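Dear colleague,

I am handing over the structure below, and I would be glad if you could look it over before reading my notes.

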Amino acid sequence: MLAGKKITELKSELSSDIICPKCDYKNSTKVIIIGVYKHLFQIPFISGGKTGKSICTNCNTTFELSSMPSNIKLAYYELKENVKTPFWFYIGIITLKALVLIKIFSKYI
Ligand SMILES: [Zn+2]
């Protein structure tokens with residue numbers, strides 16, 4: 001594929017104050033922050049934002065962000081606050097800008 005979307009796991013954390021709605025276990029729900037980026041020729045170009053999911057390490061119940069119970073969603077948003085979009089999500093656009101700048105400056109050298 002020449003261009004498309006890719007996802008990568010940015011951070012995951014076992015949340016101590018979430019009780020799994022399926023198995024009632026505490027301290028078993030892992031909240032995962034997922035970064036989405038668009039790539040061109042496999043080079044990350046633009047960040048497509050973040051999404052998330054949760055998984056219970058006891059009963060394997062998973063929730064996508066859209067179907068997350070509110071207590072897990074809250075933990076997701078808290079964790080997301082602490083996660084920065086990695087700079088390499090923009091490596092394509094940075095390279096492109098650098099090339100344009102080099103081209104502009106080379107006129108004056
Ligand atoms: Zn569970």
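What follows is a short account of what was found in it.

This is a predicted model, in which local features need pLDDT of at least 70 and side-chain atom pairs count only at pLDDT 80 or more, while totals for chains, interfaces and linings use all residues. Residues are numbered from 1 along each chain as its sequence is written.

To begin with the overall fold, the chain has 2 helices and 4 strands, where helices (H or I, at least four residues) and strands (E, at least two) are DSSP runs numbered from the N terminus. Along the sequence these elements follow the pattern β-β-β-β-α-α. The chain is more spread out than a compact globule, because its radius of gyration is 19 Å, well over the 13 Å that the globule rule gives for 109 residues; that radius is taken over C-alpha atoms, and the rule is 2.2 Å times the number of residues to the power 0.38. The C-alpha trace spans about 70 × 30 × 20 Å along its principal axes.

On burial, 17% of the 109 residues are buried, a residue being buried if 20 or more other C-beta atoms lie within 10 Å of its own, exposed if 12 or fewer, and partly exposed in between, with C-beta atoms placed from the backbone. Leaving aside neighbours within four places in sequence, Phe63 is in contact with Lys53, Ser54, Met68 and Ile72, contact meaning that the two C-beta atoms, placed from the backbone, lie within 7 Å.

Strand β1 (residues 3–15) is hardly covered, with 1 buried residue among its 13, and it pairs with strand β2 (residues 29–40) in the antiparallel sense over 12 bridges, where pairing requires that DSSP finds at least two bridges between the strands. Lys5 has Lys38 in β2 as its bridge partner.

Finally, Lys22 lies in the loop between β1 and β2 and counts as partly exposed, with 14 C-beta neighbours inside 10 Å. Leaving aside neighbours within four places in sequence, Lys22 is in contact with Cys56, Cys59 and Thr61.
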